[in-house]
Amino acid sequence: MSSYMDLSVDPCEDFYTFACGNWPKIHPATETEVETNNFQLSAQQWRNYTLKFLSRQRYDDTETERKVKYFYESCLNITQGDEYNNKLRQLLDEFGQMPALAANKWQDKDFDWQKLVAEIKYNYDLNIILNFDIHMDPEQIKIYRLGVRQAKFKNKSFYENEAQRQKYEKEMAKNMKKYLNLSEDLAKKTSEELVNLEAMLVGNFTSNDLVQNYYYELSLDQLHNKYSPNLDIKSMVKTSLGSYPRGYVLEYDSKYLENLGEIIKAFPKRIVANYIFYKLLESFVPPSFSRKDNEEDRQRKCHGQANKYFANVLDNMVYKKSDFQMAEEDVMSIFLDLQAFYEGALASETYYSWLEKTTRKLAVEKLRAMKIKFNTYKEVDFAQDYGTLVMDPQDYVRNLKFIYSAKAAKHRAKLNGPVKPYYDSLKMSFTPQYVFAENIIRIPLPIIYTSLFWHEDLPFAYNFARMGYLIGHEIIHAFDEVGRQVDIHGKVQDLWDAHSVANFANRTQCFIEQTQRFSYEGQPLAKRSKQSETIADNGGIRLAYETYRTWLEGALLPQIDRDKEMLPALVYKDKQLFFLSYAQTLCSDMVKATRDMMILTDPHLPTSLRVKSSLLNYEEFANAFMCPKGCGMNPEEKCRMY
């Protein structure tokens, strides 16, 4: 820990640089590792551990595990050239002709973009331009509903950044030259047209906010009639799903749907067709191998592909063949301690006088019902989930087609099937995640496997500052802008009283105004109306520290245990060690392009500002480091939610 610190910096002026100033020297970001942080180091350690199981067949492998290993082998066996490119061309030919390939032979009179995106959705579950998504009904959690919304795009600000836009265009052009054998001029011209179309589509909706309750409940006929004749919703639904859904559907992003038809009409059909075919191609582009790659580089990249499609299988495979019992017990103990302290705080007017008693009672009930769940996937029937997959160790494109096809079939089956617990194995691979619909915090195995966030032999100050903070952050999400509108059963409904809602809004405004005064890399931050992550950072570190302090100052705690709250080569102990450990949890380095992208798209503040925001608002940090009032890390005006 001491090696990351820059002791020339005053901790009361810039605690992040004090704690993490030397991180970029030790873990510099590079072209191949565009960002370094503890989560990325944890992922590396987990990848190296997982590769021991992935890279060789074992006598006790299940059928599903053998399939995953065949997929991994097929990635290692990729030989890029005419044979691979022909397979990609054949993939595109399944849906007609791409104008950029057909040139003057392509005729636009029979082109129907809605039919094309629906057919691709049916076959490979890829959402291009529109997303027909079957998910849990926010208000009736035992029922799946069809939601109609925009496809997933980059943030609107991304397309307004000329450097980012040009990089995106170059990546598109590179792929079209490499895999479709387009000339350099044609690839460049086509990529510019496609990015221009995508930028217009993105400019057509309000935001990428994750708030789940901005939708309308309509019958399919009502939704169809609302956007006819520009959009043939019923035809797209029938083609993409194979049948019509029962009951009402959920309409999201109405502004996007209202203008979509006119925007598409404003572009030549050739450009629209090229865009759709390119987005199909993009999903089958292999990892980017280079001549400089050694065997370890290829293994790393192919592990990434295996983890992308089979993260749950890989995690379960390693879990079954390893011993995580002590880690699970200790992390569970941290959660229970946090939960117990927070319940007492919510029940007390001392901590949360701004919340009415009735609202605090609802919060306590939700907190008591909250659980954590380790991502072991013991409950998943992999044989059923992946039974139809046929993996060939020599054919990567064919394997991807099977994977996407199976995913599409599983997606369609949800429409009339029972609701299953939510999990996104890739999203949940390396960071904890609070699942609103289930009131559960999912804990990924990599963060309890490494000592970067927890270890049985390390001081409580370290474990609570890291694992305690991460779990505390997710607990607070249950009561943030989105979470407070989801009840104990996962149903979207705002049960808070008006006075508490108004106080919540006022306190949120404090964070909005405060973050607007922050600057990053010498530039002011854009206004952030959504403060869920900042609120979770601030509340999470408070919850972790208050829980740790309760243990540390307990009347029955032996002095010998207090004396253990320090680390070799560090003069900082207990409370100071806690805040130092917390700040170093978020140490990072990024290449400039990634920093620029993160500022535009990430709901979190940059890591240096995450540390700054959560600590300058916390008087206990100032007390621990004896920071005088009015200094950089102890301003007169502070913001607090939880």
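Residues are numbered from 1 along each chain as its sequence is written, and side-chain values use heavy atoms, with hydrogens and water left out. In this predicted model, local features need pLDDT of at least 70 and side-chain atom pairs count only at pLDDT 80 or more, while totals for chains, interfaces and linings use all residues.

Helices (H or I, at least four residues) and strands (E, at least two) are DSSP runs, numbered from the N terminus. In a regular strand the side chains alternate between the two faces of the sheet.

Strand 8 has partners in strand 6 and strand 7; two strands pair if DSSP finds at least two bridges between them. With strand 6 (residues 371-374), the pairing is parallel and runs over four bridges. Here Lys373 has Arg442 as its bridge partner in strand 8. With strand 7 (residues 433-435), the pairing is antiparallel and made of three bridges, and Val435 stands opposite Ile440. Strands 7 and 8 form a hairpin with four residues between the strands, and Asn439 takes a positive phi near 55° there.

Salt bridges come next. A salt bridge is a side-chain nitrogen of Lys or Arg within 4 Å of a carboxyl oxygen of Asp or Glu, and a search of the whole structure finds 35 of them. One of these joins Lys321 and Glu65, at 3.5 Å from N to O. Lys321 sits in the loop between helix 15 (295-320) and helix 16 (325-347), and Glu65 in helix 4 (residues 63-76), so this pair ties together parts that are 256 residues apart in sequence. Lys321 is partly exposed at 22% relative accessibility, whereas Glu65 is buried at 2%. Both residues also belong to a network of salt bridges that links Arg58, Asp60, Asp61, Glu65, Lys69, Lys320 and Lys321.

A second example, between Glu119 and Lys115, has an N to O distance of 2.6 Å. These two residues are four apart in helix 7 (residues 113-124), which means that about one helical turn separates them. Glu119 is partly exposed at 23% relative accessibility, and Lys115 is partly exposed at 47%. Glu553 lies in the loop between helix 23 (532-552) and helix 24 (559-563), and Lys575 in helix 25 (residues 574-585), so the pair ties together parts that are 22 residues apart in sequence. Glu553 is partly exposed, with a relative accessible area of 46%, and Lys575 is partly exposed too, at 24%.

On a 1 Å grid over the protein atoms alone, a cavity is a set of points where a 1.4 Å probe fits but cannot get out, and a pocket is an open set with protein on both sides within 12 Å along at least five of seven lines; lining residues have an atom within 4 Å of a point. Grid points are joined across faces, edges and corners, and a volume is the space filled by probe spheres set on the points. The structure holds two cavities of 30 Å³ or more. The second largest cavity has a volume of about 30 Å³, and Val117, Ala118, Lys121, Leu126, Asn127, Ile128, Leu130 and Phe132 line it. Helix 7 and strand 2 (130-136) each give two or more residues to this lining, the largest share being the three residues from helix 7.

The second largest pocket has a volume of about 360 Å³. Its lining counts 19 residues, of which Tyr16, Thr17, Tyr520, Glu521 and Ser608 lie nearest the centre. Helix 1 (15-20), strand 11 (588-590) and helix 27 (607-616) each supply at least two lining residues, and helix 27 gives the most, with four.

Key
Buried means under 20% relative accessible area, exposed over 50%, partly exposed in between (1.4 Å probe, protein chains only).
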